[in-house]
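Please open the structure in a viewer and keep the selection panel at hand. The stops below proceed from one selection to the next.

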Amino acid sequence: MDIHTRIAHRLRELRDARGYSLEALAERSGVSRSNISLIERGQSSPTAAVLDKLAIGLGVALASFFDDASAHAAEPPSPLIRAADQPLWQDPASGYVRRRLSPPAPAPLQLVEVVFPAGRRVALDSAVHETDIHQQVWLIEGAMDLSVGETTWHLQAGDCLAMRLNQPIVFHNPSRHDARYLVALATLPFPSPAPTRRTP
């Protein structure tokens, strides 16, 4: 399955699982109904910014769109994925290339490798309110400026930055060379609210 078909299937699966109509997801995400329909039919290549809006509307991490759509497979998903089988996706707007490293077997942790072109910038809202998602970015090569909320961090090779996906994040490569970094994503359950004690 090519990456555009995978995104199309995952978007439809996530929308159906939540019982959202096209109109409901359009209202929640700010992405037009027609654009969502085109993406689900594999007739549009969404940018990272559009996928981010859809992820927020669905209450999931952007990485969820690259999961292996194997929920109905005859055999359980494998805990191993070979390098040649790791799906690649390129953002049509910025040109950054994303490689999903994690196997298809369900896990609370996901690993992603990104190659970010020189001089490019991507702004994501990243404010997922329905899920507690933590992310760490470990810069392997090059330099990156990451703005998390109102704070900007300048990363050099070897630096690692931790954040929660509950506020806007801007990725910017200020250098004249591509940057390469590893992203680790962990989804944690929100703590259950304490039961209210009824007074007699």
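A residue is called buried when its relative accessible area is under 20%. Tyr96 has a relative accessible area of 8%, so Tyr96 is buried. The model on display is a predicted one.

**Stop 1: the aromatic cluster**

How are the rings of Phe66 and Trp89 arranged as an aromatic pair? The pair is tilted, at 5.3 Å centre to centre and with 50 degrees between the planes. Phe66 sits in the loop between helix 4 and strand 1 (88-90), while Trp89 belongs to strand 1, so the pair ties together parts that are 23 residues apart in sequence. Phe66, like Trp89, is buried.

Complete the selection with Phe116: Phe66, Trp89, Tyr96 and Phe116 make up one aromatic cluster. The structure holds 4 aromatic pairs.

**Stop 2: the nonpolar core**

Phe116 leads on to the largest nonpolar core, which has 48 residues. Phe116 is among the residues with the most contacts inside this core, together with Leu54, Phe65, Phe171 and Tyr181. Helix 4 (residues 48-58) supplies the largest share of the core, 7 residues.

Now select Phe65. Beyond residues up to four places away in sequence, Phe65 touches Arg6, Ile7, Arg10, Leu11, Leu14, Leu51, Leu54, Ala55 and Leu58.

**Stop 3: Ala49**

Remain with helix 4 and select Ala49, which is found there. Is Ala49 buried, partly exposed or exposed? Its relative accessibility is 34%, so Ala49 counts as partly exposed. With neighbours within four places in sequence set aside, Ala49 is in contact with Ala123 and Leu124. A distance label can also be drawn to Asp91: the C-alpha atoms of Ala49 and Asp91 are separated by 9.0 Å, although the two residues are 42 residues apart along the chain.

**Stop 4: Asn173**

Finally, select Asn173, in the loop between strand 9 (169-172) and strand 10 (179-188). Asn173 counts as buried because its relative accessibility is 0%. Which backbone oxygen does the side chain of Asn173 reach? The side chain of Asn173 comes to 2.8 Å from the backbone oxygen of His177.

Display the surroundings of Asn173 as well. Leaving out residues up to four places away in sequence, Asn173 touches Phe116, Pro117, Ala118, Gly119, Arg120, Ala143, Met144, Asp178 and Ala179.

Note on methods:
Residues are numbered from 1 along each chain as its sequence is written. This is a predicted model: local features need pLDDT of at least 70, side-chain atom pairs count only at pLDDT 80 or more; totals for chains, interfaces and linings use all residues. Side-chain values use heavy atoms; hydrogens and water are left out. Helices (H or I, at least four residues) and strands (E, at least two) are DSSP runs, numbered from the N terminus. Buried means under 20% relative accessible area, exposed over 50%, partly exposed in between (1.4 Å probe, protein chains only). A polar contact is a pair of N or O atoms within 3.5 Å; within protein, one must be able to donate a hydrogen and the other to accept it, and residues adjacent in sequence count only if both atoms are side-chain atoms. Contact means heavy atoms within 4.5 Å. A nonpolar core is a set of buried Ala, Val, Leu, Ile, Met, Phe, Trp, Tyr and Cys residues joined through side-chain atoms within 4.5 Å. Rings of Phe, Tyr and Trp (its six-membered ring) pair if their centres lie within 6.5 Å; planes under 30 degrees apart count as stacked, over 60 as edge-to-face and the rest as tilted.
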